[in-house]
Amino acid sequence: GSEKREMYTRCNDEVHQSIDCCPLMQKIVDTWPMQRLRDIRQLGTSFLVYPCGNHTRFEHSLGVGHLAREMCFRLRERHPSLGVTSKDVLCVTLAGLLHDTGHGPYSHLYEEFR
């Protein structure tokens with residue numbers, strides 16, 4: 001993307017190698033609602049069967065924010081007629097980053113699948 005990245009902090013990531021966080025993302029990541037996601041397993045108790053299944057909702061949320069931003073950059077690049085602005089990119093990135101903050105432990109266990 002063409003966003004200014006001088007003030008970005010780079011986070012190392014198992015899946016995406018590195019994720020650039022803008023100053024606002026950094027402030028949000030440092031809040032309690034985001035930090036509590038470090039203690040919630042994305043895959044619930046599956047780590048008991050799959051020892052490598054130990055991904056947290058924190059790691060997952062960083063990755064979703066990263067992918068949301070990359071999607072916006074590609075939309076802006078490939079479809080300029082959409083008029084995707086820097087503000088749009090930021091809002092979609094933050095939506096991805098914050099999408100799991102309301103989840104509690106094992107919250108998907110209570111969903112009904114049809």
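Asp20 counts as buried, at 11% relative accessibility. Buried means under 20% relative accessible area, exposed means over 50%, and partly exposed lies in between, with a 1.4 Å probe and protein chains only. This is a predicted model: local features need pLDDT of at least 70, side-chain atom pairs count only at pLDDT 80 or more, and totals for chains, interfaces and linings use all residues. Residues are numbered from 1 along each chain as its sequence is written, and side-chain values use heavy atoms, leaving out hydrogens and water.

Which residue does Asp20 form a salt bridge with? Arg10, with the closest N and O atoms 2.8 Å apart. A salt bridge here is a side-chain nitrogen of Lys or Arg within 4 Å of a carboxyl oxygen of Asp or Glu. This pair links distant parts of the chain: Asp20 is in strand S2 and Arg10 in strand S1, 10 residues apart. Strands are DSSP runs (E, at least two residues) and helices are too (H or I, at least four), numbered from the N terminus. Arg10 counts as exposed, at 56%.

Next pair. Asp100 forms a salt bridge with Arg57, closest N and O atoms 3.1 Å apart. Asp100 sits in the segment after H4 and Arg57 in helix H3, 43 residues apart. Both Asp100 and Arg57 are buried.

Now Arg74 and Glu70. Their closest N and O atoms are 3.2 Å apart, in a salt bridge. They are four residues apart in helix H3, so about one helical turn separates them. Arg74 counts as partly exposed, at 42%. The whole structure has three salt bridges.

Last, Leu82. It is found in the loop between helix H3 and helix H4, and is exposed at 53%. Thanks, all.
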